[in-house]
Amino acid sequence: MKDKVTIGLCGLGTVGTGVIRILQNHQEEIKHKLGCEIEVKKILVHTLNKSREIDFAPELLTTEAEELVGDKDIDIIIEVMGGIEGTYPLLEKALKNKKHIITANKDLMAVHGQKLLQLAKANHCDIFYEASVAGGIPILRSLTDGLASDRIQKMMGIVNGTTNYILTKMTDDQLAYETVLKEAQDLGYAEADPTADVGGLDAARKMALLANLAFKMNINLNDVEVTGITSISQEDIVFAARLGYTIKLIGVASVFDGKVEVSVEPTLLPEDHPLALVKNEYNAVYIYGEAVGETMFYGPGAGSMPTATSVVSDLMEAVKNIRLGINGNSYVTPQFETRLKENAEKYTRYFVRLEADDEAGTFQALTNVFTSENVSFAKILQLPGSGKNTAEIVMVTHKISKQQLLNSLERLDDLAVVKRLISYYRVDGEE
């Protein structure tokens, strides 16, 4: 057995710094658990002469990727620099050079994950990516190990801390979206360009990775239906609360009769649902298993030390495999053909908000539309509208298909008494 494993670290930003800090501060505990030493041989950075938050030998730094992927003495590459175009060829070469990979790169794994996993298997290498989803929450390992014997039926998750922070502030402090977004940017929770977060793309990438593991299918990013939070208004939040709900950006992945549905969209949850109680930048994933029932994983979804903890945990797993000589066996070929649900097969409840004429016959006209699509309602709320002689009507349907909803909305658009369709959102968590 090897008595020392050597790594090359790509990236020394927030997460990379956390990785070095853990390896420095916890080295005795790590060595005791693994039975061998871990040595950082090279660190790939963009700039050599830059002030760093941690102490290390300056000769460890390099701007040349080849000094890591081409070094025969380096056993494991840890990639925490992000990006896709420059990162994929680097990791591809590392795998071909028989180096194991630890990455926190959700974008890369969502786009090229299957190719990298297959290449790793072909070269008898490990590739672990726990830190790519939900930061410090060990959700991927829980799916592949702890819940491996179960059949996962559904997952619901808050997997983006930025949007959860924004919606928490909009709900608890009654602040407008634009105000909270600026506050989140000032605090470092949101990027200068927050599009990937608020548009739902970041969460969609994570849900694709989760669905791949849970359902043993090859789910691509294009298979995920995505709606962000930019259209959510303070009025939507108030109306939802009056009906007993909290709005969250929820990733949903479910399977029924071999067909899957994966989406990220604003969703109304009952105020006492465990996910409705997850606030600020925290993440959580709620899992429905055939055998285990309902479980939830909760914790910090980002940050230097939580994410670095997941990275180092993956590193330790790879080192254990090296010492046992069992690398390259973690990837399992998808068991099932990917089959996506049609809109007529996607069932849930919906929140619908519209403005209509406040006059006799309006409700009859609305009822005729919904009755024709076999849609019934669990809750209805009517308030004065913004215009003269108009009313704002908020409805929560019973469980219907998405196709029934879309057909109803199309017919409402042609209805003379309807002035405008203001918003509609998924309602979930009431099974």
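How much area is buried between domain 1 and domain 2, and what percentage of it do carbon and sulfur atoms give? About 1400 Å² is buried between the two domains, and carbon and sulfur atoms give 61% of that area. Buried area is the accessible area (1.4 Å probe) that two parts lose on being put together, summed over both.

The model is predicted: local features need pLDDT of at least 70, side-chain atom pairs count only at pLDDT 80 or more, and totals for chains, interfaces and linings use all residues. Residues are numbered from 1 along each chain as its sequence is written, and side-chain values use heavy atoms, with hydrogens and water left out.

**Domains**

The chain is divided into domain 1 (4-135 + 304-324), domain 2 (139-300) and domain 3 (345-427); these bounds come from an automatic or database domain assignment. Between domain 1 and domain 2, the C-alpha centres lie 28 Å apart. In domain 1, 15 residues are in contact with 13 residues of domain 2, where contact means heavy atoms within 4.5 Å.

**Salt bridges**

Side chains of opposite charge can pair when their charged atoms come close. A salt bridge is a side-chain nitrogen of Lys or Arg within 4 Å of a carboxyl oxygen of Asp or Glu. By this rule the count comes to 28 salt bridges, and the count between domain 1 and domain 2 is three. Lys 106 and Asp 202 form a salt bridge through their side chains, at 3.1 Å from N to O. This pair links distant parts of the chain, with Asp 202 in helix H10 (residues 201-215) and Lys 106 in helix H5 (residues 106-122), 96 residues apart. Helices (H or I, at least four residues) and strands (E, at least two) are DSSP runs, numbered from the N terminus.

**Helix pairs**

Axes are lines fitted to C-alpha atoms, for helices over the stretch in contact, and angles run from 0 to 180 degrees between N-to-C directions.

| Helix pair | Axis distance | Angle |
|---|---|---|
| H1 (residues 14-25) and H2 (residues 27-34) | within 5 Å | roughly 75 degrees |
| H6 (residues 139-146) and H10 | 9 Å | about 10 degrees |

The angle for the pair H1 and H2 makes H1 roughly perpendicular to H2, a term for angles of 65 to 115 degrees. Their contact is made by Ile 22, Leu 23, Gln 24 and Asn 25 of H1 with Gln 27, Glu 29 and Ile 30 of H2.

H6 and H10 are therefore roughly parallel to each other, a term for angles under 35 degrees. Here Ile 139, Leu 140, Leu 143 and Thr 144 in H6 meet Leu 210, Leu 213 and Ala 214 in H10.

**Lys 259**

Lys 259 lies in strand S10 (residues 259-270). Its C-alpha atom is separated by 9.9 Å from that of Phe 336, 77 residues apart along the chain.

Terms used: Parallel < 35°, antiparallel > 145°, perpendicular 65-115°, else oblique.
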